[in-house]
Amino acid sequence: MWLHVGRAFHQLNQRRCVLTSKAVCVRQLHSGGFTDSCYDGLYPGHIHTTPIQKALLAAGSGVAALQDPYRHDMVAVLGETTGHLALINLRDRMRNDPEGYTILTERPRIRLSTLDLSKMASLPDGSLGREYLRFLEDNHVTPDSRADVKFVDNEELAYVMQRYREVHDLLHTLLGMPTNMLGEVAVKWFEAAQTGLPMCALGAVLGPLRLNARRLQSLFTSLGPWALQSGWRSRCILSIFYERRWEQSLEDLRQELNIEPPPVILSATNKSSA
Amino acid sequence: MATSVRLLVRRAIRLSYRNTSVSAAGAAGRSACCWKPSPCRCFSDAAADRSTHFGFETVPETEKAKRVYKVFENVAQKYDVMNDAMSLGIHRVWKDMLLHAMHPQPGVRLLDVAGGTGDIAFRFLEYVRSQQERHSRRAARSMQTPSWQDISNSYTTEDEDVPKESRAVVCDINKEMLRVGKQKADSMGISAGLSWVVGDAEELPFDDDQFDIYTIAFGIRNVTRIDQALQEALRVLKPGGRFMCLEFSKVTNPVLAKLYDTYSFQMIPVLGEVIAGDWKSYQYLVESIRKFPDQEEFKRMIEDAGFYCVQYYNFTAGVVALHSGFKL
């Protein structure tokens, strides 16, 4: 038995040596900069992790996220370390959809630098671009606050994960949900039904624990079932090339995706007790 | 895509040239470069001909200090929490053992370099204060039944009884770490005899022969030129002063070494990511421990700098070593 333990340690160390020597090789060829220009993984920001480390990260980030749900980086790490199978599923769905396939090849990113804000502000009310901008302003969020993917060991899957994170705000707009606790839980239920990511499922189950009775009732009677059904019925939301659809009307897009309009209108100023 | 490959190839060949050529001053180095000057930023550090290690990475010497600064700037807020988590609280025992080995008496001046969040300085002040108390208690007890001669003597020699003031100076290159240390001092209510100075261990902002004790705890492996730091230590110490260095070192037992390696490389970056949100800084930490010389070699370096009676003590089977030397 100890022989196996010793061998396992030896393998771990060898793997570590291989990883670090690979890292040294690539790093020696690049100049300075801790993160930007020099990366020794499959994509900028990639960090190699062994299965043990992934398990520890999943457990640790889960606990940290539960203790402080505002630690977005921990939620992100939890998603990356537990979402391998779901990401493969999502990627295959995107490949089978013509628009999704275009996204996978062109790899668009939603950032303030790539959005033409003045043009979007000039679009008519009710269009996707205008409503998205209104959502960003009302809730004081920005698309640049999404953490980069670090622990996914496949370049394409890392992009799928990044796209999922960047599309999250657009989902809020599509579903008409603000960023308070109730709105976030509703979006999480939708995402759990849509993507099957374990992190979303965990958030969907544990999020309601922080809601007061009135909101819980609203969640379970109207918002929740609506979110779940929309999630199941909807087309894959990652396969939509939002950047080319800013002028499209929101109602139009909802119909195309099989999403019903929200049963309850929640306002952005409705900050619930956490 | 082709241009970046060409740049990579050029850089690789240039690196191999750099290793074989004599390290010269910046201008000479640049003129020795065979490639025509291209507007490429990877040639801009031609002046740094010497390279050193940053964890397992090789970087020019000029860059190491900057990167170490950035690491500690990032981790300063969570530094103490992470120390407790990574060492399971044992780092407190190590620091207490340093103080016991030091056994400072009241009136001593301490310089704690790379003292950052002030752990050693606080312990020093506490130790000296309790020593002072013990002395005054002992004096009071022995003077319970004084003779008339003793009483008249004590009236004349009262000014000699002023408690000797010990002073601790915390010096660190990183302002963020000092800030955290100051906050800790304020919250603990410690202010007497404590000062905070920004300074580089390779070039201390103090005169010669100033301090009785020089300590550097878990800081010397981050210094770019360790020999320079040792020489500065020799300079600022008074004759008879003591140099004490607490640092991670080589574990002698091979089984424990394997366990320690596994724990370091598997657990610690994960802890860094979960608690401090910074994987890379803690990856640097465990790598820099591996690049530091072992107990015997470091002892030789200290002797070379000019210290006498250099000894080392292993703590926790060699995970940490305390090196001590005297300036005579």
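Before we click on anything, a word on surface terms: buried means under 20% relative accessible area, exposed means over 50%, and partly exposed is in between, using a 1.4 Å probe and protein chains only. So select B:Leu88, which is exposed because its relative accessible area is 68%.

A quick note on ground rules: residues are numbered from 1 along each chain as its sequence is written, and chains are lettered from A and ligands numbered from 1 in the order in which they are written. This is a predicted model, where local features need pLDDT of at least 70, side-chain atom pairs count only at pLDDT 80 or more, and totals for chains, interfaces and linings use all residues, while side-chain values use heavy atoms, with hydrogens and water left out.

**Stop 1: two loops**

Stay on B:Leu88. It sits in the loop between helix H4 (79-87) and helix H5 (90-102) of chain B. Helices here are DSSP runs of H or I with at least four residues, strands are E runs of at least two, and both are numbered from the N terminus. What is phi of B:Leu88 near? It is near 55°, a positive value in a residue other than glycine. Most residues other than glycine have a negative phi.

Now jump to A:His140, in the loop between helix H7 (128-139) and helix H8 (155-175) of chain A. Phi is near 55° for A:His140 too, again positive in a residue other than glycine. A:His140 is exposed, with a relative accessible area of 70%.

**Stop 2: a buried tryptophan**

Select A:Trp189 in helix H9 (residues 181-195) of chain A. Buried or exposed? A:Trp189 counts as buried, at 11% relative accessibility. Leaving out residues up to four places away in sequence, show what A:Trp189 touches: A:Ala204, A:Pro208, A:Leu219, A:Phe220, A:Gly224, A:Ala227 and A:Leu228. Contact means heavy atoms within 4.5 Å.

**Stop 3: a helix pair inside chain A**

Next, pick helix H3 (residues 72-82) and helix H10 (residues 198-206), both of chain A. Their axes come within 8 Å and cross at roughly 130°. Axes are lines fitted to C-alpha atoms, for helices over the stretch in contact, and angles run from 0 to 180 degrees between N-to-C directions. H3(A) and H10(A) are therefore oblique to each other; angles under 35 degrees count as roughly parallel, over 145 as roughly antiparallel, 65 to 115 as roughly perpendicular and the rest as oblique. Show side chains and you'll find A:Val75, A:Leu78, A:Gly79 and A:Thr82 of H3(A) meeting A:Pro198, A:Met199 and A:Leu202 of H10(A).

**Stop 4: across the chains**

Now select helix H2 (residues 51-67) of chain A and helix H10 (residues 254-276) of chain B, which pack at an angle of about 30° with axes 9 Å apart. That makes H2(A) roughly parallel to H10(B). Residues to display in H2(A) include A:Ile52, A:Leu56 and A:Ala64, and those in H10(B) include B:Phe265, B:Met267 and B:Val270.

**Last stop: confidence**

Color chain B by pLDDT, the predictor's confidence in each residue, from 0 to 100. Chain B averages 85, and 83% of the residues score at least 70. Then find residues 19-48 of chain B, where pLDDT stays under 50. For the complex, the predictor gives an ipTM of 0.75 and a pTM of 0.75.
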